[in-house]
Amino acid sequence: MTDIHDAMLAAQSLQEVPTGTLRINAFATAAREVMEPLILSFLRRYPQVHVDLVTEGRIVDIVAAGFDLGLRPADLVPADMIAVPLGLKRSNAVVASPEFLRTHGRPTVPTDLYRFRCIRARLPNNALFRWKFEKEGNAVQIDVQGPITLDESSLVRIAAQNGIGLGYVMEADVREDIAAGRLVRVLEDWTPSLAPLALYYPGRKNPPAAFTAFIKTARDFASS
């Protein structure tokens with residue numbers, strides 16, 4: 001039975017047209033960063049493949065949970081997995097609407113945040129997130145205060161755009177808002193680069209053609 005199973009996998013890996021389903025587990029913020037340039041690009045190229053993308057805030061055992069691939073910051077990839085670094089520059093960003101900054105001024109160091117209205121964030125484990133900063137080896141965590149607590153970064157973005165307070169989000173999630181002037185970034189020198197994203201997966205014998213094609217697409221994306 002093992003020989004038959006291996007033979008079937010080998011035959012699938014030699015398919016000229018990749019088909020089937022790829023299951024990917026990712027942080028939501030990571031998925032948003034690669035959705036258009038990697039995943040949607042892959043689907044346009046291989047329309048007979050179905051991608052089942054599951055986003056959640058906790059790290060799962062992708063093998064036990066039945067996923068083909070995981071997507072996480074490279075420093076969170078388990079040591080026994082094969083990693084494919086994607087090379088994306090990543091950082092956090094503190095942002096606010098132009099009107100908010102005109103009315104309240106802007107912080108210049110993290111401790112200034114204690115006197116500002118901020119948008120609080122709740123983690124998947126229900127703990128309140130402390131805003132993390134670092135500059136020249138000096139790390140600081142601030143337990144901000146404010147009128148609202150949210151558990152999804154897209155909601156933080158909306159609240160910040162509407163002048164509710166300062167928000168702490170992934171820079172990639174607000175890049176277009178900053179470019180368009182809907183949001184203004186502050187404390188940029190206190191939010192250094194983060195670990196790059198990486199796809200990861202266990203070693204596989206005779207992987208399906210869809211899996212092989214996706215890994216190749218990811219490597220091409222990383223080198224572009």
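Phe42 is buried, at 0% relative accessible area (buried means under 20%, exposed over 50%, partly exposed in between, with a 1.4 Å probe and protein chains only). The model is predicted: local features need pLDDT of at least 70, side-chain atom pairs count only at pLDDT 80 or more, and totals for chains, interfaces and linings use all residues. Residues are numbered from 1 along each chain as its sequence is written, and side-chain values use heavy atoms, without hydrogens and water.

The whole structure holds six aromatic pairs. Rings of Phe, Tyr and Trp (its six-membered ring) pair if their centres lie within 6.5 Å; planes under 30 degrees apart are stacked, over 60 edge-to-face, the rest tilted. Phe42 and Tyr46 make a tilted pair, 5.0 Å centre to centre with 45° between the planes. Tyr46 is buried too, at 16% relative accessibility.

Another pair, Phe133 and Tyr168, is edge-to-face: 5.7 Å centre to centre, 85° between the planes. This pair links distant parts of the chain, with Phe133 in strand β7 and Tyr168 in strand β10, 35 residues apart. Strands are DSSP runs (E, at least two residues), and helices are H or I runs of at least four, numbered from the N terminus. Phe133 counts as buried at 4%, and Tyr168 at 10%.

Elsewhere, a charge meets a ring. The charged end of Arg23 sits over the ring of Phe67, 4.2 Å from its centre (the test: NZ of Lys or CZ of Arg within 6 Å of the ring centre and within 35 degrees of the ring normal).
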